[in-house]
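Thanks for making time this morning. I would like to walk through one structure with you, so please have a look at the display before I go on.

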Amino acid sequence: MYAVIKTGGKQYRVAAGEKIKVEQIAAEVGQEIVIDQVLAVGNGAELKVGTPLVSGATVKATVVAHGKHDKVRIFKLRRRKHYAKHQGHRQQFTELQIQAIAA
C-alpha cells in the first residue's frame, strides 16, 4: 500500500516503513505526527484519487531527525562590469519514518 501526501508545498509517494526527508516540521524528535493531506492512496492495481484530498485518509509518521541539506552554492557574475557575488544556502529538513497508512 502506498500514498501520495502533500507537505511543505511538495508531494511525496510514501509506503509504510520508508524514511523521507521533508521540509522542516515543528515537532520534537521521536514525536508521532499525523499527515491528513493525502492526495491518493494505492493498493496493488487499485488507486483511489481524491478531489483534491482523499476523505478520511491519514498517514502516521515518526520524526527521526532534523538537519540541513548539503550547501547549494550561488554565483552571480556580470561580465566586464566588475561584479561577482557569492552566496550559499542550506535548506533545513525533517526526516520522517512512515509508520502506517489509513485509507
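Let me begin with Gln 97, which, once its neighbours within four places in sequence are set aside, is in contact (heavy atoms within 4.5 Å) with Gly 17, Glu 18, Lys 19, Lys 60, Ala 61, Thr 62 and Val 64. Please keep in mind that this is a predicted model, in which local features need pLDDT of at least 70 and side-chain atom pairs count only at pLDDT 80 or more, whereas totals for chains, interfaces and linings use all residues. Residues are numbered from 1 along each chain as its sequence is written, and side-chain values use heavy atoms, with hydrogens and water left out.

Gln 97 sits in strand S10, residues 92-102, where strands are DSSP runs of E with at least two residues, numbered from the N terminus. Is Gln 97 buried or exposed? Its relative accessible area is 19%, and Gln 97 is therefore buried, given that buried means under 20%, exposed over 50% and partly exposed in between, with a 1.4 Å probe and protein chains only. The side chain of Gln 97 also reaches the backbone oxygen of Gly 17, at 2.9 Å. That is a polar contact, meaning a pair of N or O atoms within 3.5 Å, where within protein one must be able to donate a hydrogen and the other to accept it, and residues adjacent in sequence count only if both atoms are side-chain atoms.

Gln 99 lies in strand S10 as well, but Gln 99 is partly exposed, with a relative accessible area of 40%. Leaving aside neighbours within four places in sequence, Gln 99 is in contact with Ala 16, Lys 60, Ala 61 and Thr 62, and the side chains of Gln 99 and Thr 62 are joined by a polar contact of 3.1 Å.

Turning to the sheet that holds S10, we find an open sheet of four strands in the order S3-S10-S7-S4, with antiparallel pairing, where two strands pair if DSSP finds at least two bridges between them. S3 and strand S4 (32-35) stand at the edges with a single partner strand each, so one side of each is left without a neighbour in the sheet. S4 and strand S7, residues 58-68, pair in the antiparallel sense over four bridges, and Ile 33 stands opposite Ala 61 in S7.

There is also an open sheet of four strands in the order S2-S1-S5-S6, again with antiparallel pairing. Here strand S2 (10-15) and strand S6 (46-49) are at the edges, and each has a single partner strand, so one side of each is left without a neighbour in the sheet. Strand S1 (residues 2-7) runs antiparallel to strand S5 (residues 38-43), and four bridges join them, with Val 4 opposite Ala 40 in S5.

How many salt bridges does a search of the whole structure find? The search finds one, a salt bridge being a side-chain nitrogen of Lys or Arg within 4 Å of a carboxyl oxygen of Asp or Glu. Lys 10 forms a salt bridge with Glu 23, and the closest N and O atoms are 2.9 Å apart. This pair links distant parts of the chain, with Lys 10 in strand S2 and Glu 23 in strand S3 (residues 19-23), 13 residues apart. Lys 10 is partly exposed, at a relative accessible area of 38%, and Glu 23 is partly exposed at 22%.
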